[in-house]
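Subject: Structure handover

Hello,

Here is the structure you are taking over. Please look at it first; my notes on what was found follow below.

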Amino acid sequence: GVAGILLQDDLASRMTEGFTLRNLRNYREDTGDDVPPYLHLKGITDQDGRSYLRADAAFERWVHWKIRQLVSFARSIQDAVTASAPETAVVMNQMYETVTDPENGRLWLSQDLGTTFREGPPYAAVMLYHRQMQDELSLGLSETFSLIRQSLSALSGELNSPRIILKFQTRDW
């Protein structure tokens, strides 16, 4: 009786998350990298006093490992659902950065549409919530819609698939 299952925002892992002992051990076993990934993050203080983290190039291996773990988990859910209800679709939610800023979507959130489509469940939903984007990116409404339009145009050339669901915000919460 269920047409589909949307795996909401829980399948994202921020840049500073995931450094559990078990994850670090599994990462080391899977990649052979003995350097804990958090050592590739450096605290930076900008001239205006804002502090943030910057990742060096070696942090990429950790990011791609986390993406594969999340996508693999989503795929295991799809496989379990398919075993009992083959007609039920599983959809993996993605934040807007996966289309508007893919490099930082991977770095900041461990989300990548390409990996999702190659290795994950059959569908992905992208949250293109314009009010959230306006607030977070300090953009006006027309600039936000322009960013969405440009991002989707770029995406259409890369992904030739009807497996992406675009989610738009119609009400302010």
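**Helix α2**

Helix α2 is built from 26 residues and runs 39 Å from its first C-alpha to its last, close to the 38 Å expected at 1.5 Å a residue. Please keep in mind that this is a predicted model. The buried positions of α2 are F59, W62, V63, W65, K66, I67, L70, V71, A74, Q78 and V81. An α-helix has 3.6 residues a turn, so residues three or four places apart point the same way.

M92 is worth looking up on its own. Setting aside neighbours within four places in sequence, M92 is in contact with L7, L11, L70, V71, A74, T116, P121, Y123, A124 and A125.

**Aromatic rings**

There are 5 aromatic pairs in the model. In one of them, the ring centres of Y27 and W65 are 5.7 Å apart and the planes stand at 80 degrees; planes over 60 degrees apart count as edge-to-face, so this pair is edge-to-face. The pair joins distant parts of the chain, since Y27 belongs to helix α1 and W65 to helix α2, 38 residues apart. Y27 and W65 are both buried.

W65 also pairs with W62, and here the arrangement is stacked, because the planes are at 20 degrees, with the ring centres 5.3 Å apart. The cut-off for stacked is under 30 degrees. Both W62 and W65 are buried. Taken together, ring pairs link F19, Y27, Y38, W62 and W65 into a cluster.

**Salt bridges**

How many salt bridges does the structure hold? The count is 6. Three of these are described here, with the accessibility of the residues involved.

- E29 and R25 form a salt bridge in which the closest N and O atoms are 3.8 Å apart. The two residues are 4 residues apart in helix α1 (residues 21-31), which means that about one helical turn separates them. E29 is exposed, with 57% relative accessibility, whereas R25 is partly exposed at 38%.
- D79 and R75 meet through their side chains in a salt bridge of 3.1 Å, N to O. These two are also placed 4 residues apart, in helix α2 (residues 59-84), so about one helical turn lies between them. D79 is partly exposed at 40% relative accessibility, and R75 is partly exposed with a relative accessible area of 34%.
- D48 and R50 form a salt bridge with the closest N and O atoms 2.9 Å apart. Both residues are exposed. Together with D46, D48 and R50 are linked in a network of salt bridges.

**Two single positions**

Is D112 buried or exposed? D112 is found in the loop between α4 (102-109) and α5 (113-119). Its relative accessibility is 12%; buried means under 20%, so D112 counts as buried. The side chain of D112 is joined to that of R106 by a polar contact of 2.9 Å. Beyond its neighbours within four places in sequence, D112 is in contact with I67, Q94, T98, R106 and R118. I67 is one of the buried residues of α2.

A154 lies in helix α7 (residues 141-158). With 45% relative accessibility, A154 counts as partly exposed. The C-alpha atoms of A154 and T100 are separated by 9.2 Å, while the two residues are 54 residues apart along the chain.

**Where to start**

Regards

Key
Residues are numbered from 1 along each chain as its sequence is written. This is a predicted model: local features need pLDDT of at least 70, side-chain atom pairs count only at pLDDT 80 or more; totals for chains, interfaces and linings use all residues. Side-chain values use heavy atoms; hydrogens and water are left out. A salt bridge is a side-chain nitrogen of Lys or Arg within 4 Å of a carboxyl oxygen of Asp or Glu. Buried means under 20% relative accessible area, exposed over 50%, partly exposed in between (1.4 Å probe, protein chains only). Rings of Phe, Tyr and Trp (its six-membered ring) pair if their centres lie within 6.5 Å; planes under 30 degrees apart count as stacked, over 60 as edge-to-face and the rest as tilted. The expected span of a helix is 1.5 Å times one less than its number of residues. A polar contact is a pair of N or O atoms within 3.5 Å; within protein, one must be able to donate a hydrogen and the other to accept it, and residues adjacent in sequence count only if both atoms are side-chain atoms. Contact means heavy atoms within 4.5 Å.
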